[in-house]
Amino acid sequence: MPPPLRLNAVAFISPQNHPILIRTFQKGDELKYHYVAHTSLDVIEERTNGPAKSNECYLGLLYAMDDIAAYGYITPLKVKIVLALPLTDSVVRDSEVIMTFKALHLAYYHASSNPFLRLYDTPAGVGSSRWKCFRQRVDEISRAIGGTSVPS
Amino acid sequence: MSNQNVLVTYSGHASFLVSESWKQVLAALQSQLPLQSIHWKSASRPNVKTIQELDLTFLPLDSLRDEHTSQVPVTLLEKPLLNLYIVTCEDNDSYRTTVKKQIKDWHYTISQRKNQDWLILHVVRSDIKTADRKFFNMKSSVLDKIKADFNMDKRDRCVQLSWTAGDYSPVIWADLVNKIKDGLLFALNSSVSQREEEVRRSESQRHMPGWNFCTFFVLKESLASSFEGVKLFEDALQQYNELEVSFIQVLREKNMSWFGSLIQPAPLDDSMPLLSVSKKPYRDLILANSISVFDFRIYLLARQCVLLNKMRRPSEICQKVTSFLGTFGRRLREVEATLPEYFIESWIFSSALSVIDQCDTWVPSTELDGIQLARFSASKGELLELAKTQLDLLGVKVGHLPPKPPFANTLVEEIPTPHAEQPSKRSSTHRISKYEVILAIGDQEAFYDLYCATSNRAIDMYVKAGRRKFALKLHGFLAALDIHRGRLANALTIFTSLPAHYAPHMWTSLESFMLSRAINTHAELERPQDREWIHSLLSFLRTYANDTSKELISEEGDEKYVTHLINALHTAALSLDSDLIHSDHPIMAVQVSGDTTCSDDEDLAFVDATISNRLPCDVAVDEVSVTLRGRDSAGLKFTMKMDKIPPGQSTVTLSCPTSSWGLYALESSEVIMSHLRFQWQHKSTTTTTSKNNRISLVRVPRSLRALDVQIRQPQQTELGTTSRFLLVISTGQNVISRATIKATPPSGVQFNYSEAELEAEGTGTLEVADNAIVLLDAPADSDIVISLPHSDASRYHTMKIGLSVTYNTQSSLDVIRTLQTSRVITVSLPIAVNVEDFFRGKRLFSKFTISTTSHQYVRISSTELQGPPSLNGVKISGCRPTRPVITVTPEHPVNFLFSIESSNGPVVEPLNLVIKYRILRDEVEALIRQTVEDVLSSVSGEKPQYCSVRRALIDKLISHLESNAEWVETYRATGEIVLPDSFDDGGDFHGPIRQALAQCRPETASPCPWREIKIPVDVPRMNIVTAAQITIQPSDTQSDHLPPVYAGQPISATLILQTSFHWAEKEGKQSSYKMRYDVEERVKDWLLCGRKRGDFVATNGGSFAVPLTLIALHHGEITLPKVDVRPLPVSTQGSMGSMVPGADTSQAHGAEKVLILPRGGRTTYIVGMGDEN
């Protein structure tokens, strides 16, 4: 049994490449994960603009740097989600990562369905500090994945 | 071993094999190589594999020794896949006797061997062979015999090659080549499937005791290298990937007894090229079960990379290496204590660099196309960045770099505890061997150089790959390094340039981090706090206000930090030498809340504004202002002096010294901090986002006691002179010390300010100015009327004139107040005048017809034709009016007749027609105003509420009268205004007003002033004025009375034509003109005898008479016939053309009638009485 996934950071990025929410689960490393989220955009762009366009949301491993592996996901409405996982010697199964992404996507989807969100605020407003719900959902997902093993 | 080609043996009769012809055949055969496009369809694989090219090595069968007797499975290609036997015999007999035996022997040996195929090649010299020989030979050929003897299954393993020396055409080889391909595939297929079966069996025994991964590995690897040998790299890589997976599986099961330790550091381990498969005797180590996991994984990786290189996928190599170095580096950290100091960092660093070098030699970048090259560069960049990260770690450990972000992260911070006492108990005596790393550890400068070089290489690669954001990140690291090294200036340049790259994506967290770094560096450098600094500080505050997370800014004392910055900003703003405008900064916002109010005792408007300060501290400011924009782009600026804006929301009252009123929209707001101006535009423009789309409207109420300006038409209008209009300035409560009035006319019209004049003396003085009217010292509660001339505006019906007044009052001289408004004035006249002239000798009668130009009724009080005082000898007299007021309606124009009697010639100077008129509507309005005033003053004694009630009442009355026109006729007749029934003000004044208005009053009762219009009239000229007269002479000359005239009686008459040149122009006047007269023929009335038509010479005052005889044709009163007199053309001297002089003829007898009696006399009637008989 592989060790359960542990999320280091999650980043939601709007279609215009504005950050929606960057959540790090390791204290003190915020700068690093902001960098990870920002640089991932380059790779996502490479993948999505490549000659072989696929309709897959899941972009797979974007890049691995030192101790971090960045995985990418792009929703049909071009909201990008970047996961930073610790780089381990064990195999990370895509199915688990995809499942995490789907949960995160759903969390974003639910949070952006908030009727009190102002239209011009979306999507960046979803992650603003005014709306705690989205943060909590993301934290919950991280806890659920890191804490208990995910049935797959 | 991977270079091994597929082996093919050949044998034959010994004598043939040494012959020259065989050598030629072999050379020709080799020239057909490599084999192209071999399609391998195997039962165990779903897809057809295509081998693009395959090289063969031909060996004589004898040279092959069975030397590989070891049990270690190596590649399947060590043994030949195909055996050839060459037959040259063309004679059936010799075949039967000897050759068949030889083939049989060979065939026997070959068929013993497993997984090898065979082929008999019958070489025929095509030049010897003749067709007829075969034709007559009834026996079968040698080839047929061979086939019959050796083809045991369906496959035909015998092939004939008819060959001549020097013939390299592929056609004759096709059959042989195909057969060779078939044979090879057959052999390959069987051997591969057998080996796969072995592998599968071995794998299934994985859980059995005694199973050895290394053995399994070697077995499987043999399969991989076989695939590699036949150029099926995909499949070979597949084998290695499977091996990796099963290795990791094994690793997870911790079933690793057959491995050596995780790593046995050898002296040069950390600096050897990673991808070399020959740097250590890996296979031997594997076979000896003594390979370490470290070496094993490197070997596996290197093999994979070699294959990837053969498949021309260099970027994948780099990616694979990156993730391998990352993951395996983590593994190594678990046993860091047993390794030489800095081993891991050094290993990863040098491996990464070596891989890049290796890839560059394998694949020159010129071989790749655009996208591939970008990918390759990107992955090289990643490798370099990995190397740089190792330097981060090293630097922090050694102390060359500070242990704080961005160099260090928590990962490293966790480690130091065991790390601290490690150097003493390092079990390994080895040292790292990478020269650069050793140098860098020892020498700080060398380390920095290495760091920069590596980073810059990575940046280069990223830039080539188009990964801007990665490059930015590395720039950030370099800047941080510069700070650490004390190269603050460098760091500042980088930090100030970086935020611009993050800003477009609103990546505020990173932007604000960079900006705060820039500000800190700036502070450390003790540079002057100039404009640039202010810009970066403002950008930082912008991100500070926007960034919700605030994770990256300095950890301690957010608020203190910002307070400090704001104070510094204020000082910097003070020292600026000119204003610095900053738009739409989010730290503050100004919004107008509610409508404005007016001050009671001066012209001042107030508005409440809400200022929100998003910073946690007070912001020191000087002034807050808000600009409202009304129609016609009239702007009002409300200001308020302030010291500071507290955090959060605060409400202040802004004031504006103005007397303008109306509906305004919030346009912009401004907060001034000495020289720094924060501005916000509230009006939506195309550039602003949808966020600011809401326009807040502000109503500025009208203060009735404030200054006001009206524009009127002057009471007197004189056509042909300069037009003017009147500016009426009501000062209201203000004692004006100076007011400047600027009027904006519509296009094409100019005002002549220098000729503006006061209508009445004593109410202030005018100062002459070129572009404005300046009024000085006007008392309160007075109306100052200024007449302002303007250029011709007749093409406008109405003019809209913008007015802007700036003024200050006696009470507060330093306050400049404004009034901006616009007024509409009707330019066109309500009446039109036409004139008709009649000449009678020395008199001229002018008939003026006055009609209205609009639907309005016009009342005319008087009309007068005035001559200039200098006019001599001219007498003008008009008609006496029958009524004091005459009404002109659209249907009925009114005529006025004047007679001009000139004693000496034509009237040269123009006369003026002066009309006093007023419009019925104005008249009624004035009447109503007066009535209301009267009623109000009689009904209610209290004054205060007076104004508002009066105004409302008047407006209401007028609108009611407008809605219904029934009252107009009654009013015209009697002067009573009968209000429509709909009027009901619901108040006390309803009854009295109705009553008062319904009173009968004379037409002149309205207090409305009469307007005067002066129209210049030119008196017409006429060259010849002729009076034609037919006089009937009495037959009896003695008596004056005309005797009775009977029908049919001839009457002698005289036609007298009197001509006068009285009205002729002096110049060009001739003494005489030729004229022609023509008496009208009216055949029903008169019979005309005499010179009915004729020419005569007209002179001034002369007359001409012609006798005529008239016979009336019937009785009754008959007017005399008319006479038409025309001048004949006068040839002018200068030109050949001719000119008809102007002439006017009047019939002097025009009104005369002649009574014709019926003809008298006797009439005899004869009446027949019948026949008597």
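**Reading the model step by step**

Tutor: Along its sequence, chain A runs in the order β-β-α-β-β-β-α-α, where helices (H or I, at least four residues) and strands (E, at least two) are DSSP runs numbered from the N terminus. This is a predicted model, in which local features need pLDDT of at least 70 and side-chain atom pairs count only at pLDDT 80 or more, while totals for chains, interfaces and linings use all residues. Residues are numbered from 1 along each chain as its sequence is written, chains are lettered from A and ligands numbered from 1 in the order in which they are written, and side-chain values use heavy atoms, with hydrogens and water left out.

Student: How many helices and strands does chain A have, and what percentage of its residues is buried?

Tutor: Chain A contains three helices and five strands. Buried means under 20% relative accessible area, exposed means over 50%, and partly exposed lies in between, with a 1.4 Å probe and protein chains only. Of the 152 residues in chain A, 57% are buried.

Student: How is the length of a helix read?

Tutor: The expected span is 1.5 Å times one less than the number of residues. In chain B, helix α17 (residues 444-465) has 22 residues and should span 32 Å, and its end C-alpha atoms are 31 Å apart, which agrees. Helix α21 (residues 508-525) of chain B has 18 residues and reaches 25 Å from its first C-alpha to its last, close to the expected 26 Å. Because 13 of its 18 residues are buried, α21(B) is largely enclosed by the rest of the structure.

Student: Which residue caps the N-terminal end of α17(B), and which residues follow α17(B) and α21(B)?

Tutor: The cap is B:Asp443, which has a side-chain oxygen 3.2 Å from the backbone nitrogen of B:Glu445. Following α17(B) is B:Gly466, with a positive phi near 80°. Just after α21(B), B:Glu526 likewise has a positive phi, of about 55°.

Student: Which strands of chain B are linked by the pair B:Asp1095 and B:Arg1076?

Tutor: B:Asp1095 and B:Arg1076 form a salt bridge whose closest N and O atoms are 2.7 Å apart. This pair links distant parts of the chain, with B:Asp1095 in strand β43 (residues 1093-1099) and B:Arg1076 in strand β41 (residues 1072-1079), 19 residues apart. B:Asp1095 is partly exposed at 36% relative accessible area, and B:Arg1076 is partly exposed at 30%. A salt bridge also joins B:Arg1093 and B:Asp1078, at 3.1 Å from N to O. Here B:Arg1093 in β43 and B:Asp1078 in β41 are 15 residues apart. B:Arg1093 counts as exposed, at 53% relative accessibility.

Student: Is B:Cys305 buried or exposed, and is B:Cys879 buried or exposed?

Tutor: B:Cys305 has a relative accessible area of 0%, so this residue is buried. B:Cys879 has a relative accessible area of 54%, so this residue is exposed.

Student: How far apart in space are B:Gly381 and B:Tyr462?

Tutor: Sequence separation and spatial separation are read side by side. B:Gly381 and B:Tyr462 are 81 residues apart in sequence, and their C-alpha atoms are 5.5 Å apart in space. B:Gly381 is placed in helix α13 of chain B and is buried, with a relative accessible area of 0%.

Conventions: Polar contact = N/O pair within 3.5 Å; in protein donor to acceptor, adjacent residues only side chain to side chain. Salt bridge = Lys/Arg side-chain N within 4 Å of Asp/Glu carboxyl O.
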